[in-house]
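Thanks, everyone. Please bring up the sequence and the model on your screens. I'll keep this short.

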Amino acid sequence: MDLALEEAAAAPAHGDVPIGAVVVGPGGSVIARRHNERELAGDPTAHAEILALRDAAAHLGAWRLQGCTLVSTIEPCPMCAGAALAARMTTVVFGATDPKAGACGSLYNLGADPRLNHDMTIVPGIREAEAAALIRRFFADRRSPAEP
């Protein structure tokens, strides 16, 4: 989670919400780390988790990421949780819950839906306060009036 939080902290430099993601490979080493780039890339799919999954697949040379763990500073949204499922991720670890868009237990639970062809172990709440503080600070700064 340290690396995911570091990644998240880099996103506001280009106007993106501070969300970071890391993929840990089957051997326990980090094979991908990214942060949100929606504003930077002008791409609605450039969520930290999606970018990290793409990089991990390129690193492994395969789309199946079985045995890998996705670590995100916030609970993955439906798009990101769906991508993790499609990639056959074994585990998803996240920091802060997202009651408005979370798809790993808050609003939906795609990781444990028996109707789907795969399931994932979900580990919530890792360094939750730190992850939530990054996002709260980002939006508080955006709402505060600019200094003259």
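I'll go through a strand and its partners, then some loop residues, then a pocket.

One caution before that: this is a predicted model.

Start with strand E1, residues 20-24. Is it buried or exposed? Four of its five residues are buried, so the rest of the structure largely encloses the strand. The cut-off behind that word is under 20% relative accessible area.

Now the partners of E1. Strand E2 covers residues 30-35, and E1 pairs with E2 in the antiparallel sense. Five bridges join E1 and E2. E1 and E2 form a hairpin with five residues between the strands. Look at Gly28 in that hairpin, where phi is positive, near 95°.

E1 also pairs with strand E3, residues 69-74. Again the sense is antiparallel, this time over four bridges. Here, take Val24: Thr69 is its bridge partner in E3.

On to backbone angles. Most residues other than glycine have a negative phi. Arg88 is not a glycine, yet its phi is positive, about 65°. Where does Arg88 sit? Find it in the loop between helix H4, residues 78-86, and strand E4, residues 91-96.

Arg127 belongs to the loop between strand E5, residues 121-123, and helix H5, residues 128-143. How accessible is Arg127? Its relative accessibility is 33%, so Arg127 counts as partly exposed.

One more loop residue: Pro44. You'll find Pro44 between helix H2, residues 38-41, and helix H3, residues 48-60. Pro44 has a relative accessible area of 63%, so it is exposed. Even so, Pro44 has contacts beyond its sequence neighbours. Leaving out residues up to four places away in sequence, Pro44 touches Arg38 and Met79.

Last, the largest pocket. How much space lies in it? About 470 Å³. Its lining has 21 residues. Nearest the centre are Ile19, Ile74, Asp98, Ala101 and Ile135. Which element gives the most to the lining? That is H5, with four residues. By class, the lining has twelve nonpolar residues, six charged and three polar.

To recap: E1 is largely enclosed, and it pairs with E2 and with E3. The largest pocket has about 470 Å³ of space.

Technical notes: Residues are numbered from 1 along each chain as its sequence is written. This is a predicted model: local features need pLDDT of at least 70, side-chain atom pairs count only at pLDDT 80 or more; totals for chains, interfaces and linings use all residues. Side-chain values use heavy atoms; hydrogens and water are left out. Helices (H or I, at least four residues) and strands (E, at least two) are DSSP runs, numbered from the N terminus. Buried means under 20% relative accessible area, exposed over 50%, partly exposed in between (1.4 Å probe, protein chains only). Contact means heavy atoms within 4.5 Å. On a 1 Å grid over the protein atoms alone, a cavity is a set of points where a 1.4 Å probe fits but cannot get out, and a pocket is an open set with protein on both sides within 12 Å along at least five of seven lines; lining residues have an atom within 4 Å of a point. Grid points are joined across faces, edges and corners, and a volume is the space filled by probe spheres set on the points. Ala, Val, Leu, Ile, Met, Phe, Trp, Tyr, Cys and Pro count as nonpolar, Asp, Glu, Lys and Arg as charged, and the others, Gly among them, as polar. Two strands pair if DSSP finds at least two bridges between them.
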